[in-house]
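These are my notebook entries on one protein structure. I record what I looked up, topic by topic.

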Amino acid sequence: MNIGMQTWGSQGDIQPFIALAEGLQDAGHDVTLAITCVDSDRYDRFISRAGVKIKLISSPVISDPIQLQKIGKVIFHEHNPIAQTQMVIEKLFLPVEAEMFKMSERLCAENDLVIGHFFHYPLNAAAERYRRPYISVALVHGAVPSIFEPPSGIPTLGTFGNRLAWRLARSVLNKKLKKYPDRLRVKNGIEVAGDLIDNVWASEQLTLLAISRTICVRKSDWPDYYQVCGVLNTRDTLEGNVSKELQGFLSYGTLPLYMTFGSAMSGSDEKETISLLSNAAKTASMRAVIQAPGWEKCGFKSNDAIHYVSSDPHAVIFPQCRAIVRHGGAGTSQSALFAGKPSVVVAHTSEQELWGRELERIGVAPKLLLRRKLTSNRLAAAIKRVAGSKDFNEKANNLGMEMAKENGVATAVKMISAKFIG
């Protein structure tokens, strides 16, 4: 079968699609993956291990780091999650929407099945136009309505109250966000979507929730097309190799923290952020590996207590660390848990707040911190709590062993084959 795939976002949005594409290619399919990376040109040099055909579309979306920093600051300081999402769409999605839709049409014309990031409404629209089977892949589960769980950020109100909360949430989402996919649809002669969640983000044919079952348990009232496949993990070294200097640091002395805000570093004053992380590690009396692409340019130098890196393979490094201090993206959240390590989450966006609350719920992280309110002393206090807690560490280790038994890619390939190939 010829399969077209399309994703958009940061590295945490792209790597799961690479993993799934390679799994499908290994299963005998001919796969094409179109990538639009918001903040990096790293995939210009990427060659798929399995022979997946990679197509780059307008990557990076924002090539000027100063402009990206300005956009990031505005987004991170917006408290309202709907307004925050609107900013992401308008600043980071709409500038390349036309190019992505053109590629979406090409994928639908040339393939038997298309698979897209749940946020990627151009592919959803093109699939409808070309009558192609469409699979949505969601990397978060906060937008799946259930009477057993309220919308993200709202306290549970019981089954009746949760139902009403979701009804209100749908209304707000349709009013504020559905206009973007509807505008693209009308422009291209496609009927407007009925509901943002059901008809744009999800696919009524198959919606895969690429989340570990240690975190996401399927709700009994979810429609059958929602299926939890587990993490789509590449388990390789897409981020590069471990340097001799870093491996030497990891091998010397006590286990260090790993500290990273991932792509969120580009939305802040990087020098100020690196200083904050460094001071927090010192105040907590912890050794640390700090990941920041611009650390050398900002004038920082590694020493016996802190080692600075631009990037490295988390799958290799995380198991050698004491705890992971991070922004709470889906990728690093599950990578930390897979390594059996507790986390300190410093959320920059509403989606990251969801992950912070989930990790607190399952007992592997303390209450999340907000980036806009963060100080080195607050961060140091959270680090001390995690590092000194037997409960956090034991729980993370136990869940990590459970998660290691999962194979999200194999499960997803099996689900796709059962539904569309038979």
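Helices (H or I, at least four residues) and strands (E, at least two) are DSSP runs, numbered from the N terminus. I note that this is a predicted model, in which local features need pLDDT of at least 70 and side-chain atom pairs count only at pLDDT 80 or more, while totals for chains, interfaces and linings use all residues. Residues are numbered from 1 along each chain as its sequence is written, and side-chain values use heavy atoms, with hydrogens and water left out.

**Entry 1: overall form.** I counted 16 helices and 13 strands in the protein. The radius of gyration (taken over C-alpha atoms) is 21 Å, close to the 22 Å given for 422 residues by the globule rule (2.2 Å times the number of residues to the power 0.38), so the protein is as compact as a globular protein of that length. Its C-alpha atoms fill a box of roughly 60 × 50 × 40 Å along the principal axes. I found that 56% of the 422 residues are buried (under 20% relative accessible area, with exposed meaning over 50% and partly exposed in between; 1.4 Å probe, protein chains only).

**Entry 2: the cores.** I next looked up the nonpolar cores, each a set of buried Ala, Val, Leu, Ile, Met, Phe, Trp, Tyr and Cys residues joined through side-chain atoms within 4.5 Å. The largest has 102 residues, of which Met5, Leu20, Ile115, Val137 and Ile416 touch the most other members. Helix α1 (residues 11–26) gives the most to this core, namely seven residues. Another core, of 31 residues, lies apart from it and includes Ala292, Phe300, Ile306 and Val325.

**Entry 3: strand β9.** I asked which residues of strand β9 (residues 288–291) are buried on each side. Ala288 and Ile290 are buried on one side, and Val289 and Gln291 on the other. In a regular strand the side chains alternate between the two faces of the sheet. Strands pair if DSSP finds at least two bridges between them. β9 pairs in the parallel sense with strand β8 (residues 257–260) over four bridges, and also in the parallel sense with strand β10 (residues 306–309) over four bridges. Ala288 stands opposite Leu257 in β8, and its bridge partner in β10 is Ile306.

**Entry 4: the backbone.** A cis peptide bond joins Ser59 and Pro60, with omega about -5°. Pro60 is in the loop between β3 (53–56) and α2 (65–76). Ser285, in the loop between α10 (270–283) and β9, has a positive phi near 60° although it is not glycine. Ser285 counts as exposed, at 65% relative accessibility.
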